[in-house]
Amino acid sequence: MTRLPLLLSVPLGAVLISAAASGIGLAVNAARSGGIPVVAPFPYQQDCPEKLSVPEGPTVGAEQAARLLHAQGVLFIDARPAEAFAAGHIDGARSIPFSFISPPGPGTAAELKKHGHLIVYCDSPGDKLAGLLAASLRDLGLRRVKVLRGGWEAFTRAKKKTGAGP
Amino acid sequence: MKLRRLLGEQLAWVFRVTLGVVFIVASLDKIAHPEAFAAGIANYHMVPLGLINLMAICLPWIEVVCGLLLVLGLWTRANLLVVNALLVVFIVAIVSALRRGLDISCGCFTTDPGAHAMTRWTLYWDIIWLGMGLHAMVLDRNLLSVTRLLRRTGATGETT
């Protein structure tokens, strides 16, 4: 068999190895549950969340939210990471951890549309995660999306005070 | 002659295996957390948005595959070319980030944004690894490698 000259075979080998490794990466990403979209759908701003400006939007106070617990057509959405949700959450809440890289898509929006009112909460200072998730839900055409002021902590305090819910 | 072999072939083997291990270790956290790695790439503000995720998906796998092949000693020169090219890209990115005064983690070994901030030492380490990669690329003779083993059994005659 004729050998390729080194000047050709080495770069060709490098390209083939890179392509094969990339192919493995793309296949694993497609197959795994924590895979990310091949093209980022949303600008990245994760580096400096403290400098992040959260889009303004309607909010709801903790006591009012506690009274709305289990009210018909109201869905609480937990924007915190899944681990925080697993450790404790508002009864009946749905977990949608906010991520710049994988924000909720039209499928999630279609599911949420059947609920009349959405109350989004988190536990980050200034309700940033909730504010960002609420903004991305509004971008998807959902109306009546409110941010729970003070988030998870304020809600648990208010729930004790009002005695609402389980 | 002995010294020449020590500084040539044998040192090249040490460098090749070291680089292989470094690249394998560097890839693991990125493979486990592609989302965080994508954010890490974005922090450099050098890659267009449309390419960030693709890079976050593919780059760690290129690192781990090249790392494994370097340790095994298969297609050594081609792998060293990939590794050296990646190191040049990393060096350019780090120099650019340092010059712009970006207060970010380099994302080299961990995707944790709170990990060690990028410093000049991050750059120095990459330059050292590039030196090792170039040395190995020129002087590696497939010492303790699968390639040499296969050659002995006559299964392959690859030189890449």
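Biologist: At what angle do the axes of helix α1 (residues 2-32) of chain B and helix α3 (residues 49-72) of chain B cross, and within what distance do they come?

Modeller: In this predicted model, the two axes cross at roughly 150° and come within 7 Å.

Biologist: Why are α1(B) and α3(B) called roughly antiparallel?

Modeller: The term applies to angles over 145 degrees. The crossing angle is roughly 150°, and α1(B) and α3(B) are therefore roughly antiparallel to each other. As to hand, α1(B) passes α3(B) in a left-handed crossing.

Biologist: Which residues make the contact of α1(B) with α3(B)?

Modeller: From α1(B), the residues include B:Arg16, B:Val17, B:Gly20, B:Phe23, B:Ile24, B:Ser27 and B:Ile31. From α3(B), they include B:Pro60, B:Trp61, B:Val64, B:Gly67, B:Leu68 and B:Val71. By class, the residues of this contact divide into 14 nonpolar, three polar and three charged.

Biologist: Which residues meet where α1(A) and α3(B) are in contact?

Modeller: In α1(A), they include A:Ile17, A:Ala21, A:Ile24, A:Gly25 and A:Asn29. Their counterparts in α3(B) include B:Ile57, B:Cys58, B:Trp61, B:Ile62 and B:Val65. The residues of this contact divide into 11 nonpolar, four polar and no charged. B:Pro60, B:Trp61 and B:Cys66 are named in the contact with α1(A), and B:Pro60, B:Trp61 and B:Cys66 also belong to the contact with α1(B).

Biologist: Which element gives the most to the side of chain B that touches chain A?

Modeller: α3(B) does, with 13 residues. In total, 29 residues of chain B are in contact with 27 residues of chain A. The elements of chain B that give two or more residues to this side are α2 (34-43), α3 and α4 (76-99). The residues on this side comprise 21 nonpolar, six polar and two charged.

Biologist: Why is B:Trp75 called buried?

Modeller: A residue is buried if 20 or more other C-beta atoms lie within 10 Å of its own. B:Trp75 has 24 such neighbours, so B:Trp75 counts as buried. B:Trp75 lies in the loop between α3 and α4 of chain B. Its phi is near 45°, a positive value in a residue other than glycine.

Biologist: What makes A:Arg144 partly exposed?

Modeller: A:Arg144 has 14 other C-beta atoms within 10 Å. Partly exposed residues fall between the limit of 12 or fewer for exposed and that of 20 or more for buried, so A:Arg144 is partly exposed. A:Arg144 is placed in the loop between α5 (128-139) and β5 (145-148) of chain A, and phi of A:Arg144 is positive as well, near 55°.

Biologist: Are A:Ile96 and A:Gly105 buried or exposed?

Modeller: A:Ile96 has 21 C-beta neighbours inside 10 Å and therefore counts as buried. A:Gly105 has 12 other C-beta atoms within 10 Å and is therefore exposed, since 12 or fewer is the limit for that class. A:Ile96 is in the loop between β3 (94-95) and α4 (106-112) of chain A, and A:Gly105 lies in the loop between β3 and α4 of chain A.

Biologist: Which residues beyond four places in sequence are in contact with A:Ile96?

Modeller: They are A:Ile77, A:Ala79, A:Pro104, A:Thr108 and A:Leu133. A:Leu133 is 37 residues from A:Ile96 in sequence, yet their C-alpha atoms are 8.4 Å apart. Likewise, A:Gly105 and A:Leu140 are 35 residues apart along the chain, with 7.5 Å between their C-alpha atoms.

Conventions: Residues are numbered from 1 along each chain as its sequence is written. Chains are lettered from A and ligands numbered from 1 in the order in which they are written. This is a predicted model: local features need pLDDT of at least 70, side-chain atom pairs count only at pLDDT 80 or more; totals for chains, interfaces and linings use all residues. Axes are lines fitted to C-alpha atoms, for helices over the stretch in contact, and angles run from 0 to 180 degrees between N-to-C directions. Helices (H or I, at least four residues) and strands (E, at least two) are DSSP runs, numbered from the N terminus. Angles under 35 degrees count as roughly parallel, over 145 as roughly antiparallel, 65 to 115 as roughly perpendicular and the rest as oblique. A crossing is left-handed if the near helix is turned anticlockwise from the far one by less than a right angle, and right-handed if clockwise. Two residues are in contact if their C-beta atoms, placed from the backbone, lie within 7 Å. Ala, Val, Leu, Ile, Met, Phe, Trp, Tyr, Cys and Pro count as nonpolar, Asp, Glu, Lys and Arg as charged, and the others, Gly among them, as polar.
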